[in-house]
Amino acid sequence: MPLTTGISQLTFRQDYFGDPAAFAALVALLHETFGIDVSVQDRFGGPDPTSMPFAYFDENGICAANLSVFSMPMMVDGGLVKAAGFQSGAVRPQWRGWGLYRDLMRRAFSWCDAQGFELGLLLTDKPAIYQPYGFKILPQHQFSGPAPVAAKPIGASRSVLLDNAGDVALVKRLLRERTPVSSIFAVGVHAEMFLLNGCFDPSIRLSYLDQPESVVAWKSGEADCFRLLDVVGKTIPPLSVILAALDQRPSRVEVCLPPDRLDWQGMPEPFRSHTSLMVRGDAADRLRQPVMLSPMAEF
Ligand SMILES: CC(C)(COP(=O)(O)OP(=O)(O)OC[C@H]1O[C@@H](n2cnc3c(N)ncnc32)[C@H](O)[C@@H]1OP(=O)(O)O)[C@@H](O)C(=O)NCCC(=O)NCCS
């Protein structure tokens with residue numbers, strides 16, 4: 001039903017990604033609001049097919065406001081949980097303060113509850129907006145410590161480039177087949193954010209290891225430090241095997257995910273970021289150990 005905001009008449013639409021003009025209008029909204037170009041997803045097969053967008057459009061097809069939900073199964077405390085991520089929340093400046101976002105949040109959260117999602121996740125620099133809807137901040141911790149004792153290299157590694165179609169196909173296959181990188185808190189199966197984050201941040205390095213077959217996302221940190229962002233494969237190699245395959249001999253390691261499957265232990269330390277991870281739902285209560293959402297899963 002059309003909604004009059006006092007500025008113009010807006011029409012609510014849900015699940016509109018099948019309409020290329022409407023999707024392009026969302027791309028423009030996100031570019032103007034966050035300075036990101038989500039149309040790079042075209043290279044990887046288009047938007048996440050599990051996405052359920054909720055939005056208002058004006059009479060010229062401009063996307064005035066949007067909030068999208070997508071399915072991202074998560075490993076939480078040893079069990080796979082039906083989880084939803086909330087992203088692309090934005091309202092154009094001329095339509096702010098009219099309650100549009102409140103309306104979209106109510107619709108999106110009710111839709112998720114009806115679908116039986118056990119966990120809701122979002123990242124925000126404005127946590128107060130979401131607290132009335134049952135979201136709580138989940139403090140994040142990265143894990144740091146000395147590098148493990150060096151292992152002998154057991155295989156070869158090479159760089160993976162996301163502008164190479166063969167490499168994209170390889171990464172997508174491994175993302176489909178992956179074992180969650182942590183049994184405590186990690187993405188189950190989800191490809192789109194890993195690929196997008198790999199494109200958005202040019203300092204992220206992706207390397208293919210042939211034994212065990214996996215793709216490692218990492219960065220060279222400051223002061224002889226290796227930062228591990230994610231590992232994608234059926235088998236998660238120990239950290240010592242990863243470092244040997246990449247020919248890295250750092251003195252310190254920072255791991256941006258719970259390291260329980262890496263045969264290495266680090267000290268949890270608070271992860272400082274301008275955004276907070278917020279969670280909602282019963283499954284969130286099971287998280288009692290320090291956790292961090294891999295930066296490759298950020299949305
Ligand atoms: C944040 C944003 C989506 C709000 O849109 P909006 O349509 O003006 O919001 P609404 O008028 O529907 O307000 C909804 C609620 O959020 C609160 N709110 C709005 N902006 C807020 C802010 N910057 N900080 C804290 N609370 C805010 C309102 O007070 C209102 O609370 P109420 O329901 O208790 O009255 C919009 O300002 C925006 O697009 N900002 C830039 C992008 C952004 O920050 N997106 C959210 C990232 S997670």
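Author: Let us begin with terms: two strands pair if DSSP finds at least two bridges between them. Helices (H or I, at least four residues) and strands (E, at least two) are DSSP runs, numbered from the N terminus. This is a predicted model, in which local features need pLDDT of at least 70 and side-chain atom pairs count only at pLDDT 80 or more, while totals for chains, interfaces and linings use all residues. Residues are numbered from 1 along each chain as its sequence is written, and side-chain values use heavy atoms, with hydrogens and water left out.

Reader: In what order do the three strands of the open sheet lie?

Author: In general, the strands of a sheet pair through backbone hydrogen bonds, in a parallel or an antiparallel manner. Here the order is β6-β5-β12, with antiparallel pairing. At the edges are β6 (79–81) and β12 (185–187), each of which pairs on one side only. From one strand to the next, the twist averages 30°; for such angles, axes are lines fitted to C-alpha atoms, for helices over the stretch in contact, and the angles run from 0 to 180 degrees between N-to-C directions. Strand β5 (residues 74–76) is joined to β12 by three bridges, and M75 has A186 in β12 as its bridge partner.

Reader: How many residues of strand β3 are buried?

Author: A residue is called buried under 20% relative accessible area, exposed over 50%, and partly exposed in between (1.4 Å probe, protein chains only). In β3 (residues 52–58), seven of the seven residues are buried. M52, F54, Y56 and D58 lie on one side, and P53, A55 and F57 on the other, so to read the strand is to find both faces covered.

Reader: Which strands does β3 pair with?

Author: Five bridges link it to β2 (residues 9–14) in antiparallel fashion, and L10 stands opposite D58 of β3. Six bridges link β3 to β4 (residues 63–71), again antiparallel; F54 has L67 in β4 as its bridge partner. β3 and β4 form a hairpin with four residues between them, and G61 in the turn has a positive phi of about 85°.

Reader: What joins strand β15 to β14 and to β16?

Author: Eight bridges join β14 (residues 213–221) to β15, the two running antiparallel, and W218 is partnered by L228 in β15. These strands form a hairpin with three residues between them, where A223 in the turn has a positive phi of about 50°. Four bridges join β15 to β16 (residues 252–255), and this pair runs parallel; L228 stands opposite V255 in β16. Strand β15 (residues 225–233) is mostly covered, with nine of its nine residues buried.

Reader: Which residues are the closest to the ligand?

Author: A residue is near a molecule if one of its heavy atoms lies within 4 Å of it. The ligand is surrounded by 16 residues, the closest being G89, V91, G97, R102 and K126.
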